[in-house]
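Here is a short briefing for a reader who is meeting this structure for the first time.

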Amino acid sequence: MQTKKVIVLPYDRTWKSDFEKIKKELSDSIGDLIIGIEHIGSTSVEGMYAKPCIDIDVIIKDYSVFNEIVGKLASIGYIHEGDLGIKDREAFKYSDKAHLQKHHLYVCPQYSEELHRHITFRDFLRSNAEAVKKYSSVKEKAAELFPNDIDKYIEYKSPCIKELYKMCGLE
């Protein structure tokens, strides 16, 4: 079993420009087929501590364009991994993208519950400095306690996430 080091860093202003570089590469390839490209996850929230990996949701109207998107993304080095157990959120992996910040790429139809959750949580955090402070602190502690166990890191954060979800109407 391979252990993955859990690294949580203070907010880095370059994450915004890192996202824009990835977004441009994606837009150049699939821009005519999509509704939008959203920077989600902790790196999208100013002041938030985060693992240095950009989370991105590409939004499509529906699955009618999905096969074409898979083909175009494959031509620029992305491989479709399936929904990884989350309905209406298709994951893509890549190799050979040293020119871009590490990132997770998802394609979601506009009606996706997971997309709604991502955007709602991001927007809530962007407008709630106290929540950002609290969640950052929990993430820092989780990484300190479980530097080599991503599952325990996630488990430790869960109660805080559930509480924040309640605050923004997701639970």
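**Charged pairs and overall fold**

Lys72 counts as partly exposed, at 25% relative accessibility, in what is a predicted model. Its side chain forms a salt bridge with Asp32, with the closest N and O atoms 3.5 Å apart. This pair links distant parts of the chain, since Lys72 lies in helix α2 (residues 66-75) and Asp32 in the loop between α1 and β1 (36-40), 40 residues apart.

Other salt bridges
- The count of salt bridges comes to 11.
- Lys24 and Asp28 form a salt bridge in which the closest N and O atoms are 2.8 Å apart, and because these residues are four apart in helix α1 (residues 14-30), about one helical turn separates them.
- Lys24 counts as exposed at 52% relative accessibility, and Asp28 counts as exposed at 57%.
- Asp88 and Lys87 meet in a salt bridge at 3.2 Å, N to O, where Asp88 is buried with a relative accessible area of 14%, whereas Lys87 is exposed with 65%.

Fold and dimensions
- The protein has five helices and five strands, which run α-β-β-α-β-β-β-α-α-α from the N terminus on.
- The radius of gyration is 16 Å, close to the 16 Å that the globule rule gives for 171 residues, so the protein is as compact as a globular protein of that length.
- The C-alpha trace spans about 40 × 35 × 30 Å along its principal axes.

Burial and surface
- Of the 171 residues, 43% count as buried.
- The accessible surface comes to about 9500 Å², and 51% of it belongs to carbon and sulfur atoms.

Note on methods
Residues are numbered from 1 along each chain as its sequence is written. This is a predicted model: local features need pLDDT of at least 70, side-chain atom pairs count only at pLDDT 80 or more; totals for chains, interfaces and linings use all residues. Side-chain values use heavy atoms; hydrogens and water are left out. Helices (H or I, at least four residues) and strands (E, at least two) are DSSP runs, numbered from the N terminus. The radius of gyration is taken over C-alpha atoms; the globule rule is 2.2 Å times the number of residues to the power 0.38. Buried means under 20% relative accessible area, exposed over 50%, partly exposed in between (1.4 Å probe, protein chains only). Accessible areas come from the Shrake-Rupley method with a 1.4 Å probe; for residues, only the protein chains shown count as cover. A salt bridge is a side-chain nitrogen of Lys or Arg within 4 Å of a carboxyl oxygen of Asp or Glu.
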